[in-house]
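Hello,

Here is the structure you will be taking over. My notes follow below it.

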Amino acid sequence: MQIKSWWLGPIVGMVLLCQNVLAAQPAISKAPLDEKAIADFYRGKTVRIVVGFSAGGGYDQYSRVIGRHLSKHIPGNPAIIVDNMPGVGSIIAANQVYNAAPKDGTVIGNISGPIVLEQLFGAPSVKYDMAKFRYVAVPVSETYLLIVTKKSGINKFEELLTGKARQIAIGAIPGSTVEHAPVLIRDALGAHIKVVSGYKGTADVRLAMESGEVEGFFNTWTSTKITSFDKVKSGEWVVLAQLSEKAIKDLIVPNVPTIPQIAKNNEERLILKYGTSTPNEFGKVYILPPGVHAARAQALDSAFAKTFADKEFLADCDKGKLEIDPIIGEDIHKLVMEFLGMSPDLKAKLERAIKHGGK
């Protein structure tokens, strides 16, 4: 696939359009909470966190630690349970929360921010509108890594680009950066990659790597530290690239190239940035369905913020190698609207680069 010089002009249009979109958004109420009314509602109830990925992955790990501490910060102290609803990169969970979940503040979705791309491109599986979710929290922004097994024989990213390079199989989750990233690396940069899609979560891809079904995948450093730190430390897994503008500070592998280093020109840099790293600023996002009572939504915002500052919670996170650098409420909404405010021309070009999916 050939990518032409079409990026720089549309970016200016995108910035202007984003300003108009943001100006049109209603302000979220910050009125003083009636904590007694909130407590009366939640007392004796159960709040479900619906995770859009399978058990054992990074999303699941974050939600289970959050679930152990969130209740004490919600007036009325409801029980908290975590349910996994994997499928299509968390699109199934997003559809469920948007359309079928109770709109009373008892269901919180934990979905992948990059499914905003599927909405932007009009994917038929999308039955939600990311502009209308109520955004509660993002525990940490994410950076994806290209990781392959030592058995693959690939030790450096540039080895995937040479004419003599053999094709390696990369496991992917439909509708997520785990799929978008290898597609863009393959089609925009010309890497010798076969995208093997259809997995429900990174835990399934890891099993496929162990069995030899695939030889690598894209996963976040936050998730990798939780699930597979020892494999990276021992060299059993090799980190070839990091999809960020700047290097991850605590990455234990030295000299792993970033987007500006693997892209051959500014066009490739921008397509990787907008296709992968930018939507992952709101990657592991917690949402409410549209229509939840404003006071309950505000109470849940506050509960997440207090949880993220809770010393017992932070100690629990340290044990599990979970990073916490949160974004709360309206700040997430602004990020989403900026992305949805992309100019039509830029949207069309990005869609053309990514629409082939795992084919």
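Leu146 has Phe218 in β8 as its bridge partner. Strand β5 (residues 144-149) and β8 run antiparallel, joined by five bridges. Two strands pair if DSSP finds at least two bridges between them. Helices (H or I, at least four residues) and strands (E, at least two) are DSSP runs, numbered from the N terminus.

This is a predicted model: local features need pLDDT of at least 70, side-chain atom pairs pLDDT 80 or more, while totals for chains, interfaces and linings use all residues. Residues are numbered from 1 along each chain as its sequence is written, and side-chain values use heavy atoms, without hydrogens and water.

Strand β6 (residues 168-171) pairs with β8 in the parallel sense, over two bridges. There, Gly171 stands opposite Phe217.

Is β8 (residues 216-220) mostly covered or uncovered? Mostly covered: five of its five residues are buried (under 20% relative accessible area, 1.4 Å probe, protein chains only). Gly216, Phe218 and Thr220 lie on one side, Phe217 and Asn219 on the other.

Now the helices. The axes of α2 (residues 35-42) and α11 (residues 294-309) come within 10 Å and cross at roughly 90°. Axes are lines fitted to C-alpha atoms over the stretch in contact, with angles from 0 to 180 degrees between N-to-C directions. α2 and α11 are therefore roughly perpendicular (65 to 115 degrees). Ile38, Phe41 and Tyr42 in α2 meet Ala295, Arg296, Ala299 and Leu300 in α11 (heavy atoms within 4.5 Å).

Best wishes

Key. Buried means under 20% relative accessible area, exposed over 50%, partly exposed in between (1.4 Å probe, protein chains only). Angles under 35 degrees count as roughly parallel, over 145 as roughly antiparallel, 65 to 115 as roughly perpendicular and the rest as oblique.
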